[in-house]
Amino acid sequence: MLIYLLRHGDAPYDEACGERSLSLTGESETRDVVGRHITDLQGVELILCSPVLRARQTLKVLSEALSYQGELLFEDVLRSESRVAAVERCVDKLEVQSLLLLSHQPLIGRMLEYLTDQPGLGWSMSTSTLACLDTLAFGRGVAELKWIEHP
């Protein structure tokens with residue numbers, strides 16, 4: 001199974017909105033990173049996305065860049081404060097061979113460290129960073145990091 005991890009794009013806090021919105025930089029960087037891996041990402045069967053505004057806006061950029069027509073699910077387990085164990089339970093219920101998880105720090109970094117069993121690797125997941133992992137299941141230390149792409 002291929003698991004792609006994507007952190008939302010740049011999203012400065014906006015007092016007027018009360019929630020962080022994707023900036024023009026966030027849109028551009030996400031489009032650029034996704035564009036470098038269009039061929040890889042064409043095989044994604046399912047995208048699970050945090051329901052938070054900046055993640056949904058990043059998803060829109062991703063979906064447009066890929067012309068994605070597959071299944072999309074919004075999952076609370078992908079919020080920044082969630083636990084990797086909750087994500088694992090969610091992913092374990094799925095029957096897909098290619099999955100993209102769109103989330104936030106610190107969760108996205110914790111997932112990367114958990115799957116690869118490489119402490120400290122998680123902080124490399126800056127905004128709009130995309131990682132590809134090859135694994136048989138969602139579990140501790142069972143994934144091989146194939147590549148990681150930064151804006």
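**Reading helices and strands in a predicted model**

Mentor: Let's start with helix α3 (residues 53-66): at 1.5 Å a residue, its 14 residues should span 20 Å, and the end C-alpha atoms are 20 Å apart, so the two agree. The expected span is 1.5 Å times one less than the number of residues. Helices (H or I, at least four residues) and strands (E, at least two) are DSSP runs, numbered from the N terminus. This is a predicted model, where local features need pLDDT of at least 70 and side-chain atom pairs count only at pLDDT 80 or more, while totals for chains, interfaces and linings use all residues. Residues are numbered from 1 along each chain as its sequence is written, and side-chain values use heavy atoms, leaving out hydrogens and water.

Trainee: Which residues of α3 are buried?

Mentor: Buried means under 20% relative accessible area (1.4 Å probe, protein chains only). In α3 that list includes L53, R54, A55 and L66. Just after α3, S67 has a positive phi of about 55°.

Trainee: In what order do the strands of the sheet run?

Mentor: Strands of a sheet pair through backbone hydrogen bonds, either parallel or antiparallel. Here two strands pair if DSSP finds at least two bridges between them. Six strands form an open, mixed sheet in the order β3-β2-β4-β1-β5-β6. β3 (71-74) and β6 (144-149) each have a single partner strand, so one side of each lacks a neighbour in the sheet.

Trainee: How many bridges join β5 and β6?

Mentor: Five, in the antiparallel sense, with β5 covering residues 130-134. L145 in β6 is the bridge partner of L133.

Terms used. Buried means under 20% relative accessible area, exposed over 50%, partly exposed in between (1.4 Å probe, protein chains only).
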